[in-house]
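The following note sets out comments on the model under review, arranged as numbered points. Please read them alongside the sequence and coordinates.

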Amino acid sequence: MLVAESIQCPHCGQFFDLFVDTSVASQQFTTDCEVCCRPFEVSAECEPGRILGLEITAN
Ligand SMILES: [Zn+2]
């Protein structure tokens with residue numbers, strides 16, 4: 001189940017929606033900012049249908 005969460009890019013500071021698959025309890029992936037296209041790392045803790053926590057790390 002995909003849930004959208006508003007996140008802030010650590011590079012350019014813009015907010016955009018990130019979709020997270022909440023059927024995975026704990027995950028880490030790299031995504032690109034929709035605005036500046038630079039990559040950063042996301043750690044997500046989820047339960048089905050809900051995002052419990054998101055951590056953004058610039059890399
Ligand atoms: Zn950006």
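1. Contact range. The model is a predicted one. Among contacts in the protein chain between residues at least 6 apart in sequence, 36% join residues at least 24 apart.

2. Overall composition. The protein chain has 0 helices and 5 strands, and the order along the sequence is β-β-β-β-β.

3. Dimensions. The C-alpha trace of the protein chain spans about 30 × 20 × 15 Å along its principal axes. Its radius of gyration is 11 Å, which agrees with a compact globule, because a globule of 59 residues would have a value near 10 Å.

4. Burial. Of the 59 residues in the protein chain, 10% are buried. Strand 1 (residues 2–8) is hardly covered, with 0 buried residues among its 7.

5. How many bridges join strand 1 to strand 2? There are 7 bridges between strand 1 and strand 2 (residues 15–21), and the two strands run antiparallel. Two of the pairs can be located in the display: Val-3 stands opposite Val-20 in strand 2, and Gln-8 has Phe-15 of strand 2 as its bridge partner. The hairpin formed by strand 1 and strand 2 has 6 residues between the strands. Within that turn, Gly-13 has a positive phi of about 80°.

6. An open sheet is formed by 3 strands in the order 3-4-5, with antiparallel pairing. Its edge strands are strand 3 (26–32) and strand 5 (50–58), each of which pairs on one side only. From one strand to the next, the twist averages 25°. As a reminder, strands of a sheet pair through backbone hydrogen bonds, in either a parallel or an antiparallel sense.

7. Strand 3 pairs with strand 4 (residues 39–47) over 7 bridges in the antiparallel sense. Within strand 4, Ser-43 is the residue that stands opposite Gln-28.

8. The loop residue Cys-37. Which residue in the loop between strand 3 and strand 4 deserves a look? Cys-37 is found in that loop, and its phi is near 65°, a positive value in a residue other than glycine. Is Cys-37 buried or exposed? Cys-37 is exposed, because it has 10 other C-beta atoms within 10 Å and the cut-off for exposure is 12 or fewer.

9. Asp-32. This residue belongs to strand 3. Asp-32 counts as exposed because 11 other C-beta atoms lie within 10 Å. Leaving aside residues up to four places away in sequence, Asp-32 touches Cys-37, Arg-38 and Pro-39. The C-alpha atoms of Asp-32 and Thr-57 are separated by 12 Å, with the two residues 25 apart along the chain.

10. Ala-58. Where does Ala-58 lie? Ala-58 lies in strand 5. Ala-58 is classed as exposed because it has 10 other C-beta atoms within 10 Å. Which residues does Ala-58 touch, not counting residues up to four places away in sequence? The contacts of Ala-58 are with Pro-10, His-11 and Phe-40. For Phe-40, which is 18 residues from Ala-58 along the chain, the C-alpha separation is 4.8 Å.

Definitions and conventions. Residues are numbered from 1 along each chain as its sequence is written. This is a predicted model: local features need pLDDT of at least 70, side-chain atom pairs count only at pLDDT 80 or more; totals for chains, interfaces and linings use all residues. A residue is buried if 20 or more other C-beta atoms lie within 10 Å of its own, exposed if 12 or fewer, and partly exposed in between; C-beta atoms are placed from the backbone. Helices (H or I, at least four residues) and strands (E, at least two) are DSSP runs, numbered from the N terminus. Two strands pair if DSSP finds at least two bridges between them. Axes are lines fitted to C-alpha atoms, for helices over the stretch in contact, and angles run from 0 to 180 degrees between N-to-C directions. Two residues are in contact if their C-beta atoms, placed from the backbone, lie within 7 Å. The radius of gyration is taken over C-alpha atoms; the globule rule is 2.2 Å times the number of residues to the power 0.38.
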